[in-house]
Amino acid sequence: MKRSVSHAVVLVFALCSVGAKKCAPGSGQSSQSSSKPFCYMDPPVGCAAYCKARDTVEFTPACSHISAGDRELLFELTVMNRVSEEYAQGNQVCPEADLSFFLTPCHLDIAPQEWPNQDYEFCQPVPPGCPL
């Protein structure tokens with residue numbers, strides 16, 4: 001299911017200025033050091049919001065991963081609520097597509113949680129902290 005919010009607001013400035021930490025392109029991203037996939041996390045590894053086009057905030061496909069749960073939903077709702085608030089104040093988010101900046105759950109202090117009882121023979125744990 002394709003999720004997008006078509007509101008006129010400036011995602012980078014609006015969301016980064018409202019309590020987001022480490023809000024810079026590429027911050028908090030980790031590199032996979034093993035051939036094993038990451039274990040299931042909520043929000044999933046790679047879940048982020050970005051400006052797909054002018055006035056269009058979209059979420060990466062990782063946000064729809066099977067491991068998504070309540071924390072991922074909280075992330076999407078937080079982003080959409082802040083976009084709506086900025087729009088109501090007459091601010092613009094996503095004046096153009098920006099495929100180089102991704103707002104992650106970690107930027108909004110929504111730390112990922114690993115699913116319990118995973119078998120590390122088949123997956124690698126995500127590094128501690130906020131590696132998304």
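Select Tyr40 to begin: its relative accessible area is 32%, so Tyr40 counts as partly exposed (under 20% is buried, over 50% exposed, and partly exposed falls in between, with a 1.4 Å probe and protein chains only). This is a predicted model, so to speak of a local feature takes pLDDT of at least 70 and side-chain atom pairs count only at pLDDT 80 or more, while totals for chains, interfaces and linings use all residues. Residue numbers run from 1 along each chain as its sequence is written, and side-chain values use heavy atoms, with hydrogens and water left out.

**Stop 1: around Tyr40**

Tyr40 sits in the loop between helix 1 and strand 2. Helices (H or I, at least four residues) and strands (E, at least two) are DSSP runs numbered from the N terminus.

Next, bring up the aromatic rings. The count is 3 aromatic pairs, where rings of Phe, Tyr and Trp (its six-membered ring) pair if their centres lie within 6.5 Å; planes under 30 degrees apart are stacked, over 60 edge-to-face, and the rest tilted. One of them is Tyr40 with Trp115, edge-to-face at 4.9 Å centre to centre and 80 degrees between the planes. Trp115 belongs to the segment after strand 6, so this pair ties together parts 75 residues apart in sequence. Trp115 is partly exposed because its relative accessibility is 34%.

Jump now to Phe59 and Phe75, an edge-to-face pair with 5.8 Å between centres and 80 degrees between planes.

**Stop 2: Gln118**

Which residues does Gln118 touch, not counting those up to four places away in sequence? Cys39, Tyr40 and Cys123, with contact meaning heavy atoms within 4.5 Å. Gln118 is in the segment after strand 6 (113-114), and at 19% relative accessibility it counts as buried. Its side chain reaches the backbone oxygen of Trp115 at 2.9 Å.

In that segment after strand 6, click Asn117 too. Its phi is near 55 degrees, a positive value in a residue other than glycine. Asn117 is exposed, at 81% relative accessible area.

**Stop 3: salt bridges**

There are 2 salt bridges in the structure (a side-chain nitrogen of Lys or Arg within 4 Å of a carboxyl oxygen of Asp or Glu). Lys52 and Glu58 meet at 3.8 Å, N to O. Lys52 is partly exposed at 36%, whereas Glu58 is buried at 7%. Arg54 bridges to Asp55, with the closest N and O atoms 3.8 Å apart. Arg54 is exposed at 55%, and Asp55 is partly exposed at 22%.

**Stop 4**

Select Asp42 and Pro43 to see a cis peptide bond, omega about -5 degrees. Pro43 lies in the loop between strand 2 and strand 3 (49-53).

End at Cys94, a non-glycine residue with a positive phi of about 60 degrees. Cys94 is in the loop between helix 2 and strand 5 (98-103), and at 1% relative accessibility it counts as buried.

Note on methods:
A polar contact is a pair of N or O atoms within 3.5 Å; within protein, one must be able to donate a hydrogen and the other to accept it, and residues adjacent in sequence count only if both atoms are side-chain atoms.
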